[in-house]
Amino acid sequence: MKRVLIFLFAFLILTGCSAKKGEKEITFWTLQMGDFAPYINKIISDYEFEHKDIKIKWIDVPFSEGEKRTLAAVMTDCPPDLINLNPDFTALLAQKGTLQEINSSELSEFTPEIVEALKYNDKNYSIPWYATSAITIYNKDLFNKSGLVRVPKTYKELASISGKIKESTGAYSYLPTITENDTMVKILNKYGVSEVKDFNSTVSINVFEMFKTLYQEGTIPPETITMTHREALEQYMAGKIVFYQGGANFLNMIKENAPKIYSQTDVSEQIKGSVGQNDFSVMNFVIPLRAKYKKEALDFCLYLTNEENQLELARLTNVIATNANALNDKFYNDYSDLTSKSRSISAKQIQKITPAMKQKYGQKEINQQVNNAVQSVLLNKKSTKEILDDMVKNLSVLSSQ
């Protein structure tokens with residue numbers, strides 16, 4: 001009992017529930033943004049100067065603890081007022097009824113496609129902060145050695161040249177990390193397959209078969225079945241693959257860790273499917289339903305994510321703004337070097353993301369079962385149709401529970 005009381009006392013201090021009576025102290029959580037403390041502290045200072053009756057208490061939470069702490073916090077009577085989350089966990093909390101709905105009129109300054117993509121059951125529960133959209137990073141020396149003249153734009157085009165690349169260079173075309181997180185689910189969405197009931201459709205089967213053929217023929221690495229995007233990046237920096245799908249931020253890692261490969265590197269648009277849209281990732285803010293200062297938290301959040309503050313964050317980190325005016329700034333139209341070129345490509349991609357993948361109840365389980373199916377298909381355990389039929393059946397049982 002003593003341990004429980006100590007924990008609760010510490011939690012109350014952490015969330016700001018120990019604030020003095022009558023003081024409007026907004027408790028604000030971010031996920032692993034401590035490296036940008038000067039930037040965030042300046043925003044807080046400027047906001048408090050303009051709002052004399054408000055105090056902002058900023059707490060930076062380690063990324064690995066974000067979901068656990070947030071889930072515990074929103075179930076109390078005194079949660080933080082504003083929390084930085086990813087859309088997956090936001091959807092889970094919205095499904096549990098623990099988040100404040102955001103009026104769409106409050107989100108008019110943000111890119112409409114992103115606002116729409118973040119909806120859960122056609123309602124807004126989050127405020128976009130910043131986004132990333134993967135680009136194609138490629139080794140132009142290996143590409144030219146292959147005798148190819150046009151960078152592939154689709155997975156089908158990439159598959160069609162993979163054999164020639166391997167034969168001409170000894171390198172693999174790419175290492176698709178299709179068993180990591182929601183990678184394969186996002187690829188399926190690029191082919192218009194976004195509902196569980198369609199995961200065993202002819203279109204879906206063809207997508208799985210495309211990767212199976214590449215795997216069985218040895219034109220993508222055997223590690224495809226387990227490796228993450230970080231490990232794929234290491235393969236790129238070692239000159240073992242030609243194409244790498246990743247955020248513009250990875251260019252700095254290549255430059256620092258593999259300067260020779262960086263000198264051979266160029267960038268292009270991300271690989272697409274038949275529908276033609278781009279996938280993306282975004283970080284957002286939510287306001288717990290039980291938060292004490294919901295109105296004030298929203299006002300501060302809109303200040304934090306305004307055009308000026310988003311552009312400043314973009315300059316510091318190379319992320320993509322979600323504020324529509326910031327996204328159209330000249331900062332995103334500069335092609336003076338590789339970094340600015342990649343940033344410009346990413347920014348343009350953010351404006352073509354529909355139809356975006358919608359988060360569903362049990363999304364993590366959906367991702368996991370799709371990834372299990374990928375492994376079974378690549379290893380040719382049964383026919384692709386049988387494997388996908390079994391997966392859809394299992395997921396249908398899950399959704400009915």
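User: At what angle do helix α7 and helix α9 pack, and how far apart are their axes?

Analyst: This is a predicted model, in which local features need pLDDT of at least 70 and side-chain atom pairs count only at pLDDT 80 or more, while totals for chains, interfaces and linings use all residues. Residues are numbered from 1 along each chain as its sequence is written, and side-chain values use heavy atoms, with hydrogens and water left out. Helix α7 (residues 155-169) packs against helix α9 (residues 202-217) at an angle of about 20°, and their axes are 11 Å apart. Helices (H or I, at least four residues) and strands (E, at least two) are DSSP runs, numbered from the N terminus. Axes are lines fitted to C-alpha atoms, for helices over the stretch in contact, and angles run from 0 to 180 degrees between N-to-C directions.

User: What makes α7 roughly parallel to α9?

Analyst: The angle between the two helices is about 20°. Angles under 35 degrees count as roughly parallel, over 145 as roughly antiparallel, 65 to 115 as roughly perpendicular and the rest as oblique. Therefore α7 is roughly parallel to α9.

User: Which hand does the crossing of α7 and α9 have, and which residues of the two helices meet?

Analyst: The crossing is left-handed; that term applies if the near helix is turned anticlockwise from the far one by less than a right angle, and right-handed applies if clockwise. On α7, Y155, K156, A159 and S162 meet M210, F211 and L214 of α9. Contact means heavy atoms within 4.5 Å.

User: Why is α2 called oblique to α13?

Analyst: The axes of α2 and helix α13 (residues 294-304) cross at roughly 125° and come within 11 Å. That angle makes α2 oblique to α13. The crossing of α2 past α13 is right-handed. In this contact, Y39, I43, I44, D46, Y47 and E50 belong to α2, whereas E296, D299, F300, Y303 and L304 belong to α13.

User: Why does N309 count as buried, and which residues does N309 touch?

Analyst: N309 lies in helix α14 (residues 307-317). Its relative accessibility is 9%, so N309 counts as buried; buried means under 20% relative accessible area, exposed over 50%, and partly exposed in between (1.4 Å probe, protein chains only). Not counting residues up to four places away in sequence, N309 touches Y39, I43, Y303 and L304.

User: Is T384 buried or exposed, and where is T384 found?

Analyst: T384 is found in helix α18 (residues 384-400). With 2% relative accessibility, T384 counts as buried. Leaving aside neighbours within four places in sequence, the contacts of T384 are I205, F208, E209, K212 and V377.

User: Which residues of helix α3 are buried, and why are they said to line one face of the helix?

Analyst: In helix α3 (residues 66-74), G66, T70, A73 and V74 are buried. Seen down the axis of α3, these residues fall within an arc of 85°, so they line one face of the helix. The arc is that of the directions from the helix axis to the C-beta atoms.

User: How many bridges join β5 to β7, and how many join β6 to β7?

Analyst: Strand β5 (residues 135-139) is joined to β7 by four bridges, and the two run antiparallel; here I135 stands opposite G246. Strand β6 (residues 172-174) and β7 run parallel and are joined by two bridges, with Y172 having I241 as its bridge partner in β7.

User: Why is β7 described as largely enclosed by the rest of the structure?

Analyst: In strand β7 (residues 241-246), five of the six residues are buried, so the strand is largely enclosed by the rest of the structure.

Key
Pairing = 2+ DSSP bridges.
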